[in-house]
Structure formats: structure tokens, C-alpha cells
Amino acid sequence: IINKSFEERAKLATNPMASKLFNLMSTKKTNLAVAADLTDKQQLLDLAESIGSEICVLKTHVDIIDNYDEEFIKSLKSIAIKHNFLIFEDRKFADIGNTVKYQFENGVYKISKWADMVTVHGVAGSSIIDGFKSGLKENGSGLLLLAQMSSKGSMCVGDYTTQIIEMANNNKEEVMGLICQERLPSMTDALVLMTPGVQFNSTGDAMGQQYNTPEYIIKEKNTDVIIVGRGIYQNNDPKSVANKYRTAAWETYKSKF
Ligand code: UP6
């Protein structure tokens, strides 16, 4: 496989946030995303502050935060600007277009106002993308389609995966990338490929999660960004562990040229 650099791919990207992320990774020299799955807003902000210099993307599940308020978003935004990372709300939208429009723009979280990227399942068909068009324009944000999942027994496989890639290729302005476990030939260089289920010292958890190492994902599976959660935040010194994941992922990326 011939690889193009993130810098080159920034020029091929058709979604503005994909281009921004490729450039950010290239200049900051990191393809590490952290899944900040903490339920207390202050703990989450403290984590963001401590690892911010190591990451390209901070991934949230905003609906698991017990004490969520709008101040939290303001604080997270300012940490993101200070440390130059993007905010990824992993909402995994899955309903009809009209409903996801409300889920994206309204309610308690008003995700379209602050998220640089969000995840979307394709199970409802490609018309789900119509629900995001107005909200994405607010900040030039991007969609990440779930092409595959890391969990045991995932049904995002085979023809389903093929059709999700087609959906991405047919909606180039809105879709910035894919959540996947491997690069497949139909995945174009314009898309950012992000892979969760990454940890150095574990093969899985008690609830179906399955892990691979950064080296395996970036080199053997040839995706672009590793997403690491518990491997980093369940640690006494998240910053130094984040630096280890960052170095492993970045050195492996560089070794492909
Ligand atoms: N995630 C997966 N697998 C997928 C898609 N998303 O694990 O296929 C998300 C989870 C979690 C993070 O929702 O936020 O990635 C993985 O966290 P972990 O590293 O602690 O397992």
C-alpha cells in the first residue's frame, strides 16, 4: 500500500474539518485521540488540561456527565484552543433525518454549537445525513460514519461496511471520516480513519470491548488515528501514559514512508 502523508491528504479532503484535522496532526505531530469517558465535569476538564499537549482530538460522551452545564463546554473549548486539539462528541446518532436534526441542534447539549465532529450510524440509510446539513454549517464540522465497531459480535461487517463506505464517498462535503478497525481499498485518502479499541496491556474488558496495540492498528491495519480511553485516563499519570501512546502511534505512522 502506498501511503500519502497527512499533509498531502489535507489537500484531498472534501470536508473542512477533515482538512483541519490532517493539518493539525501534521503540524502537532500527533495522531492520538483520547476517549475522555469521565462522569464528573471537573475530572474531565483536568484530564483535558493535563493531556491536551499530546492529542489531536478529545472524544466526549457528553450525556454521561452527571453535573453537565454550559460552563463545562466553555471551559472545554478554551482548553481546546489553548492546547490546539479538536472536540469529538461520540453521540452515535442513528434515527431518521428529522429527528437527528433536533438531537444535533437542540435539547440540553446543543451539540452542533460546539462539537467539531460527531459519529453517525448508517442503519437508517443515507438520508440521515440530511438531518445534519444545517447544523454542520454552523462551524464547518464533520461527520464520522461507523463502518466497523471494536466490540465482540459487532454487526457492522461485510456488505454493511461496504455500504457505509459508499455513503461516505457519496456525501463528501458532510462526511470527514470513518470509525473503523482496518483500512479497506474503497476508503479514499480524503477520509480520516479513526480506530477505537486500543490499549497496550489488555486484550479486552468484561463487556465485549476488544483491544489491539497502536502499532498493530497503524501499521498492520493502516488506519490514521488511535482512540484510547481507559488505557490513558485510568492511570495515575495520564500525561506520561498519553505520551507513550502518542509516540507509539506517531512513530508507527512515520515508519510507513
Ligand atoms: N467506541 C468503541 N468502539 C467502537 C466505537 N466507539 O470502543 O467501535 C468508543 C467507546 C469509548 C471508546 O464508546 O468511548 O471508544 C473506547 O474506550 P476504551 O479505550 O476505554 O475502551
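I began with the rule for contact: two residues are in contact if their C-beta atoms, placed from the backbone, lie within 7 Å. I noted that this is a predicted model, in which local features need pLDDT of at least 70 and side-chain atom pairs count only at pLDDT 80 or more, while totals for chains, interfaces and linings use all residues. Residues are numbered from 1 along each chain as its sequence is written.

**Entry 1: helix α2**

I looked up α2 and the elements around it. Helices (H or I, at least four residues) and strands (E, at least two) are DSSP runs, numbered from the N terminus. The buried residues of α2 pack against α1 (6-12) and α2 also meets strands through them, namely β3 (86-93), β4 (117-120), β5 (142-146), β6 (175-179) and β7 (192-196). These buried residues are Met17, Ala18, Ser19, Leu21, Phe22, Leu24 and Met25. I used these classes: buried if 20 or more other C-beta atoms lie within 10 Å of the residue's own, exposed if 12 or fewer, and partly exposed in between, with C-beta atoms placed from the backbone.

I then checked the length of α2. The expected span of a helix is 1.5 Å times one less than its number of residues. For the 13 residues of α2 (residues 16-28) this gives 18 Å, and the end C-alpha atoms are 18 Å apart, which agrees. Lys29 follows α2 and has a positive phi, near 60 degrees.

**Entry 2: positive phi elsewhere**

Most residues other than glycine have a negative phi. I recorded Lys110, with phi near 45 degrees, in the loop between α5 (97-105) and β4. Lys110 is partly exposed because it has 15 C-beta neighbours inside 10 Å. Asn222 has phi near 60 degrees and lies in the loop between α8 and β8. With 16 other C-beta atoms within 10 Å, Asn222 is also partly exposed.

**Entry 3**

The shell holds 16 residues, the closest being Met149, Ser150, Pro196, Gly229 and Arg230. By type, the shell has six nonpolar, seven polar and three charged residues. Here Ala, Val, Leu, Ile, Met, Phe, Trp, Tyr, Cys and Pro count as nonpolar, Asp, Glu, Lys and Arg as charged, and the others, Gly among them, as polar.

**Entry 4: the UniProt record**

The unreviewed UniProt entry lists Asp37, Lys59, Ser150, Gln209, Gly229 and Arg230 under "binding site". UniProt positions are given in the numbering used here, feature names are shortened, and annotations may be inferred rather than shown by experiment. I found Gln209 in the loop between β7 and α8 (214-220). Gln209 is partly exposed, with 18 other C-beta atoms within 10 Å. Leaving aside neighbours within four places in sequence, Gln209 is in contact with Ser150, Ser151, Gly197 and Gly204. Arg230 is in helix α9 and is partly exposed, with 14 other C-beta atoms within 10 Å.

The same record places "domain: Orotidine 5'-phosphate decarboxylase" at residues 31-245. The end C-alpha atoms of residues 31-245 lie 9 Å apart, and the span is 34% helix and 18% strand.

**Entry 5: the chain**

The protein chain has ten helices and eight strands. Buried residues make up 46% of its 257 residues.

Terms used
A residue is near a molecule or strand if its C-beta atom, placed from the backbone, lies within 6 Å of it.
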